[in-house]
Amino acid sequence: MSTVPDPRPSGPKPALVFDDPLDQQSSDDTDRGWGERPSGDSAADLKRFLDEKPPHHI
């Protein structure tokens, strides 16, 4: 009897995941994903609003 080497790899086989990717929260589902700043004082919020306001909204 001769022994034949096992052709299967010795490591764990990668698992296939069939979950729905839309069930998971992505980074753009949060304020952080859209570049929102953490809540701060209202004076800074007003300054940012006035700085980013389009000219036709004067």
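Which side chains meet in a salt bridge at 2.9 Å, N to O? In this predicted model, local features require pLDDT of at least 70 and side-chain atom pairs count only at pLDDT 80 or more, whereas totals for chains, interfaces and linings use all residues. Residues are numbered from 1 along each chain as its sequence is written, and side-chain values use heavy atoms, with hydrogens and water left out.

The salt bridge in question joins Asp51 and Lys47, a salt bridge being a side-chain nitrogen of Lys or Arg within 4 Å of a carboxyl oxygen of Asp or Glu. Asp51 and Lys47 are separated by about one helical turn, because they stand four residues apart in helix α1; helices (H or I, at least four residues) and strands (E, at least two) are DSSP runs, numbered from the N terminus. Asp51 counts as exposed at 54% relative accessibility, and Lys47 is likewise exposed at 52%, where exposed means over 50% relative accessible area, buried under 20% and partly exposed in between (1.4 Å probe, protein chains only). The structure holds two salt bridges, and Glu52 forms one with Arg48, with the closest N and O atoms 3.2 Å apart. Glu52 and Arg48 also lie four residues apart in helix α1, and Arg48 is partly exposed at 28% relative accessibility.

The chain contains one helix and zero strands, and buried residues account for 0% of its 58 residues. Leu50, placed in helix α1 (residues 42–52), counts as partly exposed at 45% relative accessibility.
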